[in-house]
Amino acid sequence: MINSVNTRPEILWRQVWGLATLLAAIVFSWMAYGFYQPIILEELKFAELVGWLGIWQGLLVAIIEPIIGGLSDRIQQRSGSRLSMISVGVVSAGLIFVVVSLLIQQNLPIGIRWIVPMLMTVWVITMMIFRTPAIALLTQFAPKSELPQANAVLVFVLGGIGAIGPILNILLNSMGASVTFLVGAIALIFAAYILQLFTPKHSLHICSINQQQIANTPTQMFVLIFIIGLATGVEINLLLSIFPQQLQTQLPNLTVEFIASAILLVSAIASVPLGDWTAQLGANKSMLLGLGIMTAAMGLTVLNDSDKLAIAFILTFGISFSLVFISMIPWVLSKIHPSRAGLGTGLYFGGSAAGMAIVSLFIKQLGSTSMGAAAFLLAELVFIVAAVCIVMSQKFRY
């Protein structure tokens with residue numbers, strides 16, 4: 001990846017790293033939210049919401065994220081930039097974080113405690129206002145042929161921060177919810193400022209299209225994007241929710257959290273060589289290969305009882321995770337008209353949120369232990385669906 005900075009000047013690497021900074025702040029904020037959400041709900045006597053709130057929020061995001069993506073496209077066409085929408089979303093999310101941090105310090109009366117879970121849901125929606133438009137900026141930071149290399153930087157950051165999750169959880173616990181949410185708000189606003197600083201308007205790639213032109217992407221392609229997002233969301237969430245526990249039974253000296261972190265660390269390291277290789281292979285083949293390897297490894301993990309093979313599966317999961325994440329955005333953006341980048345990205349992430357909700361409901365109904373076989377069967381089903389949709393999508397390309 002470092003070599004790519006020097007040899008591929010057509011990629012706006014400064015802007016890509018600015019976007020990676022914002023992604024790092026987003027990941028940190030989600031980790032803070034995920035760590036403290038159940039704790040806060042239990043303290044406020046909303047323990048029954050702990051399992052269901054995430055499911056309902058995932059389904060809500062599945063509806064809202066494509067709408068936000070489409071709105072960002074219209075703003076892009078009118079003003080020539082998505083940065084204003086990103087700024088509004090970041091400031092709103094930061095303010096809500098600050099309000100929640102202040103409220104949880106108070107001894108709220110029972111009658112108004114519902115305000116906190118409501119604000120948490122609004123915060124989740126607000127995060128959508130800038131995540132999809134921010135990722136859609138990749139179309140302006142790199143030519144489509146180079147998108148895998150640019151996206152590999154984001155995967156490197158995502159995997160790297162996820163890998164230090166156990167250490168971050170210790171830090172978050174020591175800071176307390178109020179301080180953590182304040183830090184999250186500051187991180188979001190600072191990262192958005194870095195992105196704005198690194199992205200002057202004159203530096204953006206100008207799309208060679210008439211902005212008034214009506215995008216000619218068939219409706220069925222948008223449907224395929226949502227379905228593939230859903231299938232990928234199910235696969236990834238099964239991988240990180242169920243299979244570290246499966247591997248832990250084969251590696252009893254390691255914790256579940258350490259195994260999950262090891263998978264993400266491998267994905268971050270693998271993103272360095274896989275960026276160039278994925279660009280050569282093509283997004284269609286890379287997505288199929290990544291999902292196929294991931295699904296096959298899930299099945300073999302269920303059957304495995306060897307600690308040495310378990311380590312090999314950690315490496316395999318990490319590489320396949322990296323391959324899927326590097327490929328997914330370039331795949332989406334290669335299938336739709338450039339003026340619909342936000343809608344396409346929003347549909348993919350909306351489908352992924354629906355997939356997360358499905359896995360959460362799956363775990364809630366069956367439990368997260370001793371369900372490796374059921375998880376593999378579900379993963380196999382969604383892989384077949386994703387493979388069929390990817391094959392069907394090959395006739396679409398921009």
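This is a predicted model: local features need pLDDT of at least 70, side-chain atom pairs count only at pLDDT 80 or more; totals for chains, interfaces and linings use all residues.
Student: Where does H14 bend, and by how much?

Tutor: At Met328, by about 30 degrees, with Pro330 following within four residues.

Student: Why is H14 called mostly covered?

Tutor: Buried means under 20% relative accessible area, and 21 of the 29 residues in H14 are buried.

Student: What makes Glu65 and Arg131 a salt bridge?

Tutor: The cut-off is 4 Å between a side-chain nitrogen of Lys or Arg and a carboxyl oxygen of Asp or Glu. The closest N and O atoms of Glu65 and Arg131 are 2.9 Å apart, so the pair qualifies. Glu65 sits in helix H3 and Arg131 in helix H5, 66 residues apart, so this pair links distant parts of the chain.

Student: Why does Glu65 count as buried?

Tutor: Its relative accessibility is 0% and the cut-off is under 20%, so Glu65 is buried.

Student: How many salt bridges are there by this rule?

Tutor: Two. Asp73 and Arg82 also meet in one, at 3.0 Å from N to O, and both residues are buried.

Student: How do you know how confident the predictor is?

Tutor: The chain's mean pLDDT is 85, and 92% of its residues reach 70 or more. Over residues 205–214, though, the pLDDT is below 50.

Conventions:
Residues are numbered from 1 along each chain as its sequence is written. Side-chain values use heavy atoms; hydrogens and water are left out. The bend at a residue is the angle between axes fitted to the seven residues ending there and the seven starting there. Helices (H or I, at least four residues) and strands (E, at least two) are DSSP runs, numbered from the N terminus. Buried means under 20% relative accessible area, exposed over 50%, partly exposed in between (1.4 Å probe, protein chains only). pLDDT is the predictor's confidence in each residue, from 0 to 100. Contact means heavy atoms within 4.5 Å.
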